[in-house]
There are 6 protein chains.
Amino acid sequence: MDDQLRIFSGDSNSPLAREICDCLDITLSRLTIARFSNDNLFVKIRDNVRERDVFVVQSFTEPVSDNIMTLLITLDALRSASARRITAVIPYFSYARSDKKDAPRISITARLIADLLQTAGANRVLTMDLHADQVHGFFNIPVDHLSAIPTIADHFQAHYDLSRLIAVATDAGGAKRAGKFAERLNIPLAIIDKRRVSDARVEQGHVVGDVENREAVIFEDEISTGGTLIATENSLKRAGVRKIHAGAVHPVLCGSATQDLQASDIESLVVTNTVRMPEEKRLAKITVLTVAPLLAEAIRRINSGESVGALFR
Amino acid sequence: MDDQLRIFSGDSNSPLAREICDCLDITLSRLTIARFSNDNLFVKIRDNVRERDVFVVQSFTEPVSDNIMTLLITLDALRSASARRITAVIPYFSYARSDKKDAPRISITARLIADLLQTAGANRVLTMDLHADQVHGFFNIPVDHLSAIPTIADHFQAHYDLSRLIAVATDAGGAKRAGKFAERLNIPLAIIDKRRVSDARVEQGHVVGDVENREAVIFEDEISTGGTLIATENSLKRAGVRKIHAGAVHPVLCGSATQDLQASDIESLVVTNTVRMPEEKRLAKITVLTVAPLLAEAIRRINSGESVGALFR
Amino acid sequence: MDDQLRIFSGDSNSPLAREICDCLDITLSRLTIARFSNDNLFVKIRDNVRERDVFVVQSFTEPVSDNIMTLLITLDALRSASARRITAVIPYFSYARSDKKDAPRISITARLIADLLQTAGANRVLTMDLHADQVHGFFNIPVDHLSAIPTIADHFQAHYDLSRLIAVATDAGGAKRAGKFAERLNIPLAIIDKRRVSDARVEQGHVVGDVENREAVIFEDEISTGGTLIATENSLKRAGVRKIHAGAVHPVLCGSATQDLQASDIESLVVTNTVRMPEEKRLAKITVLTVAPLLAEAIRRINSGESVGALFR
Amino acid sequence: MDDQLRIFSGDSNSPLAREICDCLDITLSRLTIARFSNDNLFVKIRDNVRERDVFVVQSFTEPVSDNIMTLLITLDALRSASARRITAVIPYFSYARSDKKDAPRISITARLIADLLQTAGANRVLTMDLHADQVHGFFNIPVDHLSAIPTIADHFQAHYDLSRLIAVATDAGGAKRAGKFAERLNIPLAIIDKRRVSDARVEQGHVVGDVENREAVIFEDEISTGGTLIATENSLKRAGVRKIHAGAVHPVLCGSATQDLQASDIESLVVTNTVRMPEEKRLAKITVLTVAPLLAEAIRRINSGESVGALFR
Amino acid sequence: MDDQLRIFSGDSNSPLAREICDCLDITLSRLTIARFSNDNLFVKIRDNVRERDVFVVQSFTEPVSDNIMTLLITLDALRSASARRITAVIPYFSYARSDKKDAPRISITARLIADLLQTAGANRVLTMDLHADQVHGFFNIPVDHLSAIPTIADHFQAHYDLSRLIAVATDAGGAKRAGKFAERLNIPLAIIDKRRVSDARVEQGHVVGDVENREAVIFEDEISTGGTLIATENSLKRAGVRKIHAGAVHPVLCGSATQDLQASDIESLVVTNTVRMPEEKRLAKITVLTVAPLLAEAIRRINSGESVGALFR
Amino acid sequence: MDDQLRIFSGDSNSPLAREICDCLDITLSRLTIARFSNDNLFVKIRDNVRERDVFVVQSFTEPVSDNIMTLLITLDALRSASARRITAVIPYFSYARSDKKDAPRISITARLIADLLQTAGANRVLTMDLHADQVHGFFNIPVDHLSAIPTIADHFQAHYDLSRLIAVATDAGGAKRAGKFAERLNIPLAIIDKRRVSDARVEQGHVVGDVENREAVIFEDEISTGGTLIATENSLKRAGVRKIHAGAVHPVLCGSATQDLQASDIESLVVTNTVRMPEEKRLAKITVLTVAPLLAEAIRRINSGESVGALFR
């Protein structure tokens with residue numbers, strides 16, 4: 001490993017950052033994040049980074065604004081401290097969902113964040129499972145966009161009877177993602193067709209595809225309130241599904257998501273650690289797969305100039 | 001109409017540009033496009049544009065590279081001729097399909113083109129039915145992104161028996177677009193689930209959704225070789241569909257598309273004039289709807305500072 | 001008043017924004033600020049802003065990161081909604097305190113924020129009493145930098161016996177600001193000379209200047225925890241001051257500041273409303289002067305192209 | 001040779017690219033250029049370029065727009081594939097002729113192309129015999145501008161009787177270039193003085209200089225239709241020249257140029273291979289000198305950090 | 001005249017600036033240029049320029065560095081004072097001569113200055129007779145490039161017997177400029193062919209063209225030391241010229257130029273007032289034509305949005 | 001020492017540049033600075049700098065505009081000569097005094113210069129004792145900002161009796177700087193309180209702090225005309241000071257400063273060599289400390305990637 005490599009971690013997911021360092025057999029470099037009495041953030045890089053190849057790990061989880069500001073300030077501090085190259089490692093880039101202008105006079109905030117990261121000093125970005133692949137194009141700097149779908153699919157392959165499984169997308173927009181998951185496992189696909197009744201109300205979804213008597217795996221990029229998951233569960237049960245599982249990359253699990261999930265008939269949920277999950281949310285029915293080896297390998301290749309594309313095979 | 005408004009047209013679709021001018025009751029401004037003997041393009045703006053609000057209409061149709069270069073040179077000439085504001089009106093932005101990095105070491109060319117337009121001097125863009133809504137976010141300048149889906153849907157509403165219709169997306173990636181069309185007509189949705197057998201080969205699609213004995217409307221953003229359309233037709237026939245129609249915004253219709261379409265069992269195809277269709281391609285079964293009034297109204301509102309968002313209701 | 005003028009308000013200080021609108025006899029324009037379940041912010045501009053001259057009022061008060069992100073997203077939404085000119089009105093720009101690199105490997109965050117504002121779409125900034133005048137130079141866009149020092153000084157002139165007053169700066173860095181205040185009232189100046197004992201500890205300040213038997217007015221740009229104020233009070237009492245008042249532009253008053261102030265021997269504190277002060281902090285000994293007329297007049301002049309410099313006389 | 005060096009070739013002149021690689025004893029790296037059915041271009045880099053020093057060879061020959069677009073897309077793909085440094089090697093930069101604004105409302109397209117190259121990701125440019133030296137200044141990135149004039153002059157020195165030769169510029173604008181050629185061979189200079197009769201018509205040229213009974217070498221940067229060459233031949237014959245030769249760097253030779261040249265009394269033409277010349281154009285009277293060793297040496301020096309200026313001696 | 005128009009003048013040529021104002025019937029706006037004791041320049045704009053259309057007249061004459069710095073500081077002050085549009089009017093852009101890289105490791109300073117002007121805040125440039133037309137392309141902002149050649153040619157037409165005149169370029173690089181002059185007067189052209197003997201020494205020029213018994217007009221863009229003029233005079237006399245005149249746009253006339261010119265056999269010299277000529281240099285044989293009406297008309301058209309190109313007819 | 005390191009010197013302070021090279025045991029690289037007859041500057045880099053780590057030493061001393069232009073042209077030449085990294089070493093950045101907008105419609109010229117340096121090609125800046133620490137934030141490129149205050153303080157510690165010393169700031173704005181000096185020596189602080197009587201006139205200063213019977217050290221960043229120094233001397237004498245010394249980093253000493261200083265009762269003045277001091281100014285009472293070792297060590301660390309922050313301890 002190049003001794004010029006430095007990995008720092010923001011506040012949002014330091015267990016993941018440490019695990020990445022363990023995979024690479026290096027020590028996490030040190031920075032101090034503080035807050036002045038007027039609620040302004042302050043970051044101090046504590047190791048020399050001149051001419052180093054620096055990576056900063058920060059997920060855009062709650063408190064999102066603080067975590068983004070911390071990352072921006074850290075990038076700026078690293079740049080002015082003469083780091084040779086700065087890569088923002090953002091396992092969960094939550095604003096990717098704000099990726100289009102589906103109402104007048106709103107911001108495509110994912111693009112804004114991409115620009116802010118570059119303004120603050122990021123030279124590259126390493127991220128995972130953006131809500132839409134197109135968000136990659138919002139960046140004017142090189143991006144390595146990894147996917148945990150193979151990791152999750154492999155888990156299903158190893159532990160489930162694929163012959164009865166069917167992948168389910170929770171809406172038309174998610175068909176492509178669920179399709180990738182289904183293709184990898186060579187199982188069929190269904191989607192939930194939802195209709196907007198009014199600006200404010202969306203009618204209950206209708207299942208498109210033949211799910212009767214099958215075991216469904218609802219597949220999403222992120223699970224936030226879990227509301228969509230529960231609604232999909234209901235649609236599927238009405239359509240005669242026997243058993244329901246779920247898979248998702250980013251386990252945001254906010255509000256009453258954990259309780260609702262526990263109370264639901266969803267038998268198992270497989271997620272990753274792109275979002276730090278506190279102990280109290282770790283239900284028995286949730287399996288958390290680690291993305292640390294994947295991120296570590298990508299960092300190693302970026303640092304040494306090897307192909308990261310080869311990781312996607 | 002503000003007498004400061006100037007509309008120019010590139011080579012690709014001047015009938016549409018003239019129709020837009022007719023809607024606005026103004027004269028198309030003049031430019032000369034020439035080609036030097038060394039195959040270099042040359043553009044001369046022939047009307048004074050100082051402090052004017054200028055629009056240039058150019059679709060990215062064959063020959064695409066020449067049409068893009070012509071637009072870039074025109075934008076540069078307008079800027080250096082001191083136009084106050086320059087809007088690139090691109091009814092068919094073909095490179096929008098290159099919107100993600102689904103293989104290593106390729107270009108997200110839609111983003112590149114967005115940047116080139118800005119470098120050349122575009123201050124705004126007015127476009128229609130981008131392959132993915134996210135492409136909007138590739139631009140760092142204001143974009144008005146119109147859709148002809150309502151226009152096409154209204155045509156179906158007026159001329160077809162909706163009670164038997166079902167909208168069909170040709171793959172999972174198109175589910176969202178076909179879903180919008182279906183929602184507007186309040187008809188059900190089906191999608192074709194295709195699987196990649198190897199890097200080079202995709203297996204025949206499987207229909208997801210209940211299409212038996214219905215009348216299908218295959219809905220796409222663009223029809224190029226028509227190969228996908230014909231393949232979908234075959235899948236639908238095997239699945240028991242009685243009658244097949246198609247709708248698409250951009251009628252590229254290259255290669256043997258017109259002949260194949262004529263020979264197929266697709267009964268009717270409804271498209272728009274974002275792409276100029278020469279007489280010899282105008283089959284009896286093809287209906288061409290005009291987007292000129294929509295573009296003209298958007299141009300009028302941009303020029304006068306009225307809300308374009310209101311056009312989307 | 002130009003009917004092209006639009007004033008919006010972020011969450012941080014809408015009473016001030018409304019008061020500014022009252023001064024200008026216009027209605028506050030509407031925007032919606034929401035928060036998705038994954039803690040991402042969402043802003044929707046609800047009035048048409050095409051070709052309008054738009055101002056957004058937002059102070060960088062607690063929660064600072066949320067308020068900055070809200071402003072950035074609002075600026076981006078306004079730009080993509082084709083506002084003609086966008087002015088960020090930031091009555092209290094808290095990060096101005098991070099204006100130099102007094103330790104290795106830190107960020108000059110005030111400069112970073114200036115760059116982020118520009119990246120997000122701000123064309124101008126209107127702000128008040130930056131911690132240092134030099135912060136003005138961090139911006140690459142025009143800035144109108146107003147001061148409430150005359151407002152506060154005028155209040156002292158009207159209600160206090162100037163003959164016994166002496167202005168006091170709480171440290172050497174604040175000497176210039178307190179000097180301006182003193183000059184305007186034509187009263188003498190003293191400063192507190194503090195010494196750093198170690199990296200972590202600063203020794204109690206020593207009063208430089210002749211304060212004995214005078215009435216002191218401690219003058220600062222902002223009062224945050226109030227700790228400096230209380231420490232200065234103690235130094236002054238030891239030096240024989242008879243009575244102590246205080247003046248400051250930005251009343252952050254966080255933590256136990258209000259209680260500590262109440263308990264202290266500081267007889268009166270004069271501040272402004274650049275920072276919104278909730279009812280429970282409004283002690284009898286605090287006088288809040290409004291800066292709304294000043295900001296309103298600056299906005300009116302920016303909008304109509306009159307000299308803002310003339311406001312400084 | 002640094003094993004970090006990678007040379008790619010666009011479509012326009014791969015024989016030259018391969019010859020350069022031979023000179024450097026390395027293998028041409030691989031890329032795929034394809035065209036989608038909608039006439040959009042597609043480029044895939046097939047060798048890993050992370051942290052490599054990459055050169056792309058592409059001349060702006062017919063079809064010029066396609067070749068420029070291919071180069072821009074290739075540059076973008078290389079940048080996003082994390083190449084360390086990207087040099088666009090453009091042996092024939094045809095748009096250099098659009099280098100000034102000699103009519104209102106036209107584009108200085110050479111500057112536009114320079115900007116587009118930078119937008120697409122070029123870090124440097126290596127080019128040859130630009131139409132005017134000033135075009136160098138259109139680039140904001142480092143340019144190495146080589147000349148084949150010494151190569152061509154050396155050929156004349158070796159194979160012609162210099163004592164009777166006189167260099168001839170085809171118009172006043174070319175006097176400087178022909179002068180450099182004449183100076184190197186230490187032969188006299190003449191120029192053709194042309195006058196514009198109307199906007200559309202230029203009268204036959206008048207020879208300025210003493211050419212009677214001499215052997216003329218018409219010297220130009222590029223030969224396109226050959227029309228200027230033939231007209232100059234006629235002027236020279238009228239002025240009593242005995243024998244006529246020609247030299248030019250870039251043999252575009254479009255339209256009927258080859259036939260006209262064959263039919264003319266021009267006895268010999270010496271050019272280079274910056275433009276690929278198909279077999280059918282290779283007349284016996286044309287000598288093609290190779291610039292591959294010159295470009296190869298420049299690439300070697302750029303890669304290894306040696307002075308390229310020393311090449312000009 | 002638009003009352004929003006403001007014209008300021010730097011130190012270099014305020015008589016010309018005042019004459020321009022007279023042509024436009026407006027008052028020169030006021031600024032103060034001062035110098036601190038540490039030799040730093042200071043500029044204060046004394047009239048309100050908010051939302052005004054501002055022009056600053058400054059020639060790059062001796063002291064060139066001070067005049068450029070003054071212009072840059074003025075542009076910056078105007079921008080930060082919220083001028084709506086700022087045009088740098090540079091009648092004599094002396095650095096245009098540094099327009100190519102004819103030696104290794106030098107700066108194309110004309111391009112650098114173009115970039116500096118833009119960095120400092122210039123939105124447009126209005127200039128005259130750049131050393132090469134290509135320098136126009138160094139600017140990324142709109143440039144109006146006027147020529148005084150017609151003005152000077154008209155003077156010769158009115159006061160000289162054209163039938164015996166021949167235009168003479170002082171070297172091959174100036175052939176195009178002298179050719180334009182000759183074409184306008186419909187007189188023949190000759191050029192001086194100079195050869196570089198060594199890096200340091202250039203041999204005496206040889207006259208190319210038939211000048212015997214004619215009256216020569218040496219035509220240049222600028223006359224600096226006058227050395228080239230005197231050398232050309234000598235070459236022409238040796239070649240049998242009967243009488244010698246000279247024309248040039250920019251009369252720099254530094255060093256002993258005035259004395260040498262007086263002592264020479266050059267009978268008359270026609271120049272313009274782009275460079276301020278002090279009384280002591282105004283020899284009887286020098287005629288100074290004013291460019292003020294031309295610049296004034298261009299300013300009027302830029303301000304009112306009329307075609308400036310029409311001025312070139 | 002990395003053999004890739006190259007140090008060049010502009011005209012302003014080559015003795016310092018040579019001394020820095022001596023400290024690093026390398027040879028000063030060569031460049032030629034010339035002036036054309038039209039007063040345009042010309043710079044030629046005479047050593048190959050491709051891929052080298054280049055430093056250019058230039059102080060902004062009289063003639064300031066020429067020295068800044070020379071530096072800008074040198075930076076541009078180095079960039080176009082493919083230097084890998086270019087650091088502008090500016091020991092005395094005089095325009096730092098123009099750091100705020102304390103009057104309407106003026107330029108914050110320090111920010112402008114920062115932008116110009118970046119436009120011209122500077123990748124980093126190394127400077128000393130900027131007038132205000134905030135000026136650091138005007139740069140968008142990494143800056144290493146060193147201070148000679150410890151060097152000067154150490155000299156006082158070694159040669160003076162600290163027990164009687166008191167540091168004196170010449171105005172409120174300088175309190176912080178003098179405070180740092182006082183803190184380092186652990187001596188008390190006084191400041192001169194000056195009041196503006198009118199726009200043009202400032203009344204004589206009043207001493208704040210207890211200076212009677214002490215020995216004063218007036219401490220400033222730069223001494224220009226010396227007027228402030230003499231005025232402060234007078235105030236101090238009136239306040240009963242026994243002996244007066246002075247310290248300053250940048251000895252500009254223009255106009256009659258040297259004579260006035262000689263004639264004054266200031267007993268000794270300690271400065272550095274950031275500004276070259278000609279022999280005739282070297283009074284016996286002036287001690288010049290060298291900053292060469294400090295700058296050399298910073299250059300060594302920048303070049304080798306070691307922490308420069310560690311220098312500040």
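In chain A, the C-alpha centres of domain 1 and domain 2 lie 28 Å apart. Domain 1 of chain A comprises 5–147 + 292–312, and domain 2 comprises 149–289; such bounds come from an automatic or database domain assignment. The model is predicted, with local features requiring pLDDT of at least 70 and side-chain atom pairs counting only at pLDDT 80 or more, while totals for chains, interfaces and linings use all residues. Residues are numbered from 1 along each chain as its sequence is written, chains are lettered from A and ligands numbered from 1 in the order in which they are written, and side-chain values use heavy atoms, leaving out hydrogens and water.

**Between the domains of chain A**

- Contact (heavy atoms within 4.5 Å) involves 18 residues of domain 1 of chain A and 13 residues of domain 2 of chain A.
- The two domains of chain A bury about 1300 Å² between them, 41% of it from carbon and sulfur atoms; buried area is the accessible area (1.4 Å probe) that two parts lose on being put together, summed over both.
- On the side of domain 1 of chain A, the residues losing the most area to domain 2 are Tyr92(A), Arg97(A) and Asp129(A), together 38% of what that side buries.
- Three salt bridges are counted between these domains of chain A, a salt bridge being a side-chain nitrogen of Lys or Arg within 4 Å of a carboxyl oxygen of Asp or Glu.
- Arg97(A) is joined to Asp221(A) by a salt bridge, at 2.8 Å from N to O.
- The side of domain 1 of chain A that touches domain 2 of chain A consists of six nonpolar, seven polar and five charged residues. Here Ala, Val, Leu, Ile, Met, Phe, Trp, Tyr, Cys and Pro count as nonpolar, Asp, Glu, Lys and Arg as charged, and the others, Gly among them, as polar.

- Seven residues of chain C meet 11 residues of chain B.
- Chain C and chain B bury about 630 Å² between them, with 36% on carbon and sulfur atoms.
- Two salt bridges are counted between chain C and chain B. In the salt bridge of Glu51(C) with Arg85(B), the closest N and O atoms are 2.7 Å apart.
- The side of chain C that touches chain B has no nonpolar, three polar and four charged residues.
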